[in-house]
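Colleague: Please show me the model. I have some questions about how its parts meet.

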Amino acid sequence: MIKIDRLTKSFIRNGAEFPAVKEVVMSIEKGRLVAVIGQSGSGKTTLFNMIAGLIKPTSGIITINDKDITTLSEKELAKYRNQDVGYILQGNSMLNNFTVLDNVCMPAYLSACKEEVRLRAKELLAEMGLKGYENEYPKNLSGGEVKRVSIARAMINNPVLLLADEPTSNLGPENSRKVMELLQKISENGTAVLVSTHEMECLEYVDEILKMQKGTLIKYRP
Amino acid sequence: MEGIKRISPQLYVSTLAASCCDAAVQLIAFDPATDFVVQPWLQSQDELNLQYGEVVAGYNLAADVGETVRFYNTDFKVAAKLEKTGMGYDNSVFMSFDTIYKLKDSEIVAQTLPKDNLESIISMLMVDVKDGVTPGVYKIDIQEAYPEDEEIYACTADDFMSGLAAQVKKLTGYGSLLTLFLVISTSLALISIFVITINERKYEFGIFYTLGARKNQVAKIILTEAAIISFVGGILGIVFSFLGITFFHERISINLDIPYLDIGFIQVLPIVLWSMGIALLAGLCAALCSVYMIARKEPYRLIREIE
């Protein structure tokens, strides 16, 4: 359901063209948890940003449920980012001036889908083990708790694809385990999940492993 | 001389001191039978029928209607009191010639004024010229008709007011320039502040884009924040300005040589609305620069800060 065909992204660096992602080909079926591993600077984040619709590729096609997102207008891309994909960014991506509940509800607020969104947000937070944290502010949460709020926020609009860029970075073993278990549960519920990581401990939860090496994607483990 | 429609004398007597007042008071006598300047103006302030011994007191005199004021050891009854004019009339007292002649009996007047010919001297002749006669030209005719050694000086009403009008015009000009300078410099400062503030929040707007916000939604967020900040800032500025003028208006009047500075709500309302309009416009224009800065970047560049 997610197909990527010869996806390439080049940047200009020191006057020369630098290919951050080179002719990537991959597909992910719904209900699968796929990990992309690779060293820092291998192009994982650039790949994820293109799939999330945050950067326009230099060439290639990204198809989500038969919809080529590389041809979408700015307005259609915004809708795609809001409705079809949930993106858990690396690090702390909370909006610090909003409560935990409002952070989780934000994608729904932006798309004016406000019906019962707060109720759904509370249910998601409870699933993440964060019941009672609705009125807290992100600055009062631990790293692991922030990451779980990010997951809840990414799932608020029931996306078909969940992207998680280094979701366990800066987390201890216990919190890393909790986060990976949550992502595994989400994929078992039918959402396609793509995770980037360079922590080998996370790989035991995934169905397939791909490796990024200098912008090129190779199959590491089915 | 030819060309005169009406003529009326006035006498000015300045006091040395008066129990009523901190400063010298100008006693102004007019002839009720021929006067065409003072009486109509006094009538416009209040219904008036000055009797012998009665005076109309200026605003700054510490005597109310019905009370007595004493000049040169001579008592006068206050029949009416003027509203504040912001001019010398605030320290003046108006009376008829008959009333001012009461001073003849004062010993102090005998020592300080030429009382012998009090009834035969005047300070000024008010001249109303006929239609078709130009006051400025007639002034010159008078000066030419009477040699300089007779110490007769002619001037028109415009000559009296021109100093004040010129002062107000000068202040208005300075005020307009200052206002323009302040608006430009404040707008530039606002633009810098907004751009710096929004720049510090790039990642926040990157998050909004990542969550599916459109560019016009992000623009709306920034402009709404700017409108609120500008509105609150405008209100605070107006309140503090009003308080400053209210508490320091006498000092302002003295330092800027503005004889009459009175601020009523109705008079100030147009300035308030104009100031709020400028505050809102300046804030929104400043925010537009920030909107442009955010909108032209690709979303991923905004979130790179947190990677």
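Colleague: How many residue pairs are in polar contact between chain B and chain A?

Modeller: This is a predicted model, where local features need pLDDT of at least 70, side-chain atom pairs count only at pLDDT 80 or more, and totals for chains, interfaces and linings use all residues. Residues are numbered from 1 along each chain as its sequence is written, chains are lettered from A in the order in which they are written, and side-chain values use heavy atoms, without hydrogens and water. A polar contact is a pair of N or O atoms within 3.5 Å; within protein, one must be able to donate a hydrogen and the other to accept it, and residues adjacent in sequence count only if both atoms are side-chain atoms. Between chain B and chain A, with both residues at pLDDT 80 or more, the count of such pairs is 5.

Colleague: Which element gives the largest share of the side of chain B that touches chain A?

Modeller: Helices here are DSSP runs (H or I, at least four residues), numbered from the N terminus. Those giving two or more residues to this side are H6 (202-210), H7 (215-256) and H9 (299-303) of chain B. The largest share, 6 residues, comes from H6(B).

Colleague: How many disulfides does a search of the whole structure find?

Modeller: Cys285(B) is in none. Over all chains, the search finds 0.

Definitions and conventions:
A disulfide is a pair of cysteine sulfur atoms within 2.5 Å.
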